[in-house]
Amino acid sequence: MTRGPIVRAPAFHLRRVTVHGSGRDEILGSAYSDHDLVVVLEGAGVAEPEGVLDDPQWVEWRDGPAREFSAA
């Protein structure tokens with residue numbers, strides 16, 4: 001399975017949202033809900049960010065189920 005370019009880290013990692021591109025990771029911000037993640041992705045220029053949240057080619061959800069933002 002290939003890795004998605006956007007990563008939402010688990011709660012104990014400050015819920016950082018990063019994007020991988022050009023051989024490096026860039027922190028975009030933090031997300032505490034789907035809405036927060038959509039806002040971060042909009043700010044990064046992702047067209048229709050709601051549509052990519054469940055697409056593993058776009059978003060990699062680490063250490064927990066997709067769309068779960070509660071603390072581990």
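## Accessibility and the predicted model

A residue is termed exposed when its relative accessible area is over 50% and buried when that area is under 20%, with partly exposed in between. Asp54, with a relative accessible area of 54%, is therefore exposed. The structure described here is a predicted model.

Of the 72 residues in the chain, 32% are buried. The accessible surface of the chain amounts to about 4600 Å², and carbon and sulfur atoms account for 51% of that surface.

## Elements and sheet

The chain contains one helix and four strands, arranged from the N terminus in the order β-β-β-α-β. Among contacts between residues at least 6 apart in sequence, 37% join residues at least 24 apart.

The four strands form an open sheet with mixed pairing, in the order β3-β2-β1-β4. From one strand to the next, the twist averages 25°.

## Strand pairing

Strand β2 (residues 16-21) pairs with strand β3 (residues 24-30) in the antiparallel sense, over six bridges. Within this pair, His20 is placed opposite Asp25 in β3. The two strands form a hairpin with two residues between them, and Ser22 in the turn has a positive phi of about 55°.

Strand β1 (residues 6-8) pairs with β4 in the parallel sense, over three bridges. Here Val7 is placed opposite Glu60 in β4.

Helix α1 lies across β1, β2, β3 and β4, and runs at about 125° to β3. Val40 belongs to this helix, which spans residues 34-43. With a relative accessibility of 15%, Val40 counts as buried. When neighbours within four places in sequence are left aside, Val40 is in contact with Val17, Leu28, Gly29 and Ser30. The C-alpha atoms of Val40 and Ser30 are 7.7 Å apart, and the two residues are 10 apart in sequence.

The largest nonpolar core has 13 residues, of which Val17, Leu37 and Leu41 touch the most other members. Both α1 and β4 (59-61) supply at least two residues of this core, and the largest share, four residues, comes from α1. Not counting residues up to four places away in sequence, Leu37 touches Val17, Ala31, Leu53 and Trp61. In soluble globular proteins, nonpolar side chains tend to be buried together.

## Salt bridges

The structure holds three salt bridges. In one of them, Arg67 pairs with Asp34, with the closest N and O atoms 2.5 Å apart. Arg67 lies in the segment after β4 and Asp34 in helix α1, so this pair ties together parts that are 33 residues apart in sequence. Arg67 is partly exposed, its relative accessible area being 35%, and Asp34 also counts as partly exposed, at 22% relative accessibility. A salt bridge also links Asp54 to Arg67, with the closest N and O atoms 2.9 Å apart. Because Asp54 lies in the loop between α1 and β4 and Arg67 in the segment after β4, the pair ties together parts that are 13 residues apart in sequence.

The side chains of Glu60 and Arg62 also meet in a salt bridge, at 3.0 Å from N to O. Glu60 is partly exposed at 23% relative accessibility, as is Arg62 at 32%. Through shared partners, salt bridges join Asp34, Asp54 and Arg67 into one network.

Notes: Residues are numbered from 1 along each chain as its sequence is written. This is a predicted model: local features need pLDDT of at least 70, side-chain atom pairs count only at pLDDT 80 or more; totals for chains, interfaces and linings use all residues. Side-chain values use heavy atoms; hydrogens and water are left out. Two strands pair if DSSP finds at least two bridges between them. Buried means under 20% relative accessible area, exposed over 50%, partly exposed in between (1.4 Å probe, protein chains only). Contact means heavy atoms within 4.5 Å. A nonpolar core is a set of buried Ala, Val, Leu, Ile, Met, Phe, Trp, Tyr and Cys residues joined through side-chain atoms within 4.5 Å. Axes are lines fitted to C-alpha atoms, for helices over the stretch in contact, and angles run from 0 to 180 degrees between N-to-C directions. Accessible areas come from the Shrake-Rupley method with a 1.4 Å probe; for residues, only the protein chains shown count as cover. A salt bridge is a side-chain nitrogen of Lys or Arg within 4 Å of a carboxyl oxygen of Asp or Glu.
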